[in-house]
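Look at the sequence and the structure below.

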Amino acid sequence: MRSFSCSILALCGAFYVDTAAPALADTPVTYTEEGQALFRFEVPDFWILRTGGPREIEDTELGDARAVARVIGFRPVTDDAVWMGFVSPAGVGTIQGGVRYLQDIDRFLVKDPTTTSTSDTRIGGLPARVFRGTGHRDGKGVSFTATVIDLPQGRVAIAVAILRDGADPSFADDLNAVFASFRALQ
């Protein structure tokens, strides 16, 4: 994301993808592109799943369009204070390329993002880089986690989780379960 700082909300600190144990993630979801399965994960019970195809969003400050890959997003049925989404942008094949992609679309995800920590880890046995931070969305404070996972065959998966200030901290367990269930399919 754009700027770096040292403070982070306690909720974001609880959201740590390395040590996740599966919780309630029960509905398998497969991310496909042009008929090819790229990766899968499990969505927690009682979460709403939405998908959307590739599209362009306009950067109102610069007046140019940004390509956004197919998004699979989900949130709890009972609470819109938490959201998570996955994309796998075509032509982005490295973690560093995924970081550049995030920098291109970050203002559409979180306003005034401040990255508070960055770490390298493994998700589903694959190298990944995790960014945690804070910002604003829809006029409210949020914590976010943006993760770039290095998939086989020159692709990446990008996951973004956004938790509005005051979100129930137990949702971090559900989000961690999603990461624990993540598997590449190539």
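Glu42 has a relative accessible area of 22%, so it counts as partly exposed. In this predicted model, the partner of Glu42 is Arg40, and the closest N and O atoms of this salt bridge are 3.3 Å apart. Arg40 also has a relative accessibility of 22% and is therefore partly exposed. Side chains of opposite charge can pair when their charged atoms come close.

The whole structure holds 4 salt bridges. One of them joins the side chains of Glu33 and Arg155, with 2.8 Å from N to O. Glu33 belongs to strand β2 (residues 25-33) and Arg155 to strand β12, so this pair ties together parts that are 122 residues apart in sequence. Are the two partners buried or exposed, or something in between? Glu33 is partly exposed, because its relative accessible area is 24%. Arg155 has a relative accessible area of 11%; a residue is buried under 20%, so Arg155 is buried.

Another salt bridge links Arg164 with Asp80, whose closest N and O atoms lie 3.2 Å apart. Arg164 is in strand β12, while Asp80 is in the loop between β7 and β8, so the pair ties together parts 84 residues apart in sequence. Both relative areas fall in the partly exposed range: 23% for Arg164 and 49% for Asp80.

The loop that holds Asp80 also holds Val77, between β7 (71-76) and β8 (82-87). Val77 has a relative accessible area of 45%, so it is partly exposed. Together with Phe46 and Ile48, Val77 forms a nonpolar patch on the surface, and the accessible area of the three is about 310 Å².

Next come the aromatic rings. How many aromatic pairs does a search of the whole structure find? The search finds 11. Phe39 lies in strand β3 (residues 36-44) and Phe86 in strand β8, so the pair ties together parts that are 47 residues apart in sequence. Phe39 and Phe86 are both buried. Ring pairs also place them in a cluster, with Tyr31, Phe41, Trp47, Phe74, Phe171, Phe179 and Phe182 as the other members.

Some rings have a charged side chain over them. Arg70 lies over the face of Tyr31, 5.6 Å from the ring centre. Arg137 is placed over the face of Trp83, at 5.7 Å from the ring centre.

The backbone has points to notice too. Most residues other than glycine have a negative phi. Asp112, in strand β9 (residues 111-123), has a positive phi near 50°. Its relative accessibility is 59%, so Asp112 counts as exposed. Gln153 is not a glycine either, yet its phi is positive, at about 60°. Gln153 sits in the loop between β11 (140-151) and β12 (155-164). Gln153 is exposed, because its relative accessible area is 61%.

Finally, consider the chain as a whole. The chain has 3 helices and 13 strands. Of its 186 residues, 47% count as buried. The chain exposes about 8,800 Å², and carbon and sulfur atoms supply 50% of that area. Among contacts with a separation of 6 or more, 59% are between residues 24 or more positions apart.

Technical notes:
Residues numbered from 1 in each chain as written. Predicted model: local features only at pLDDT ≥ 70, side-chain atom pairs only at ≥ 80, totals over all residues. Heavy atoms only, no water. Patch = residues over 30% accessible without salt bridge, like charges linked within 9 Å, V, L, I, M, F, W, Y side chains within 5 Å. Areas by Shrake-Rupley, 256 points an atom, 1.4 Å probe, with all protein chains shown as cover. Helix = DSSP H or I, 4+ residues; strand = E, 2+ residues; numbered from the N terminus. Buried < 20%, exposed > 50% of the residue type's maximum accessible area, 1.4 Å probe, protein only. Contact = heavy atoms within 4.5 Å. Phe/Tyr/Trp six-rings, centres within 6.5 Å; stacked < 30°, edge-to-face > 60°. Lys NZ or Arg CZ within 6 Å of the ring centre and 35° of its normal.
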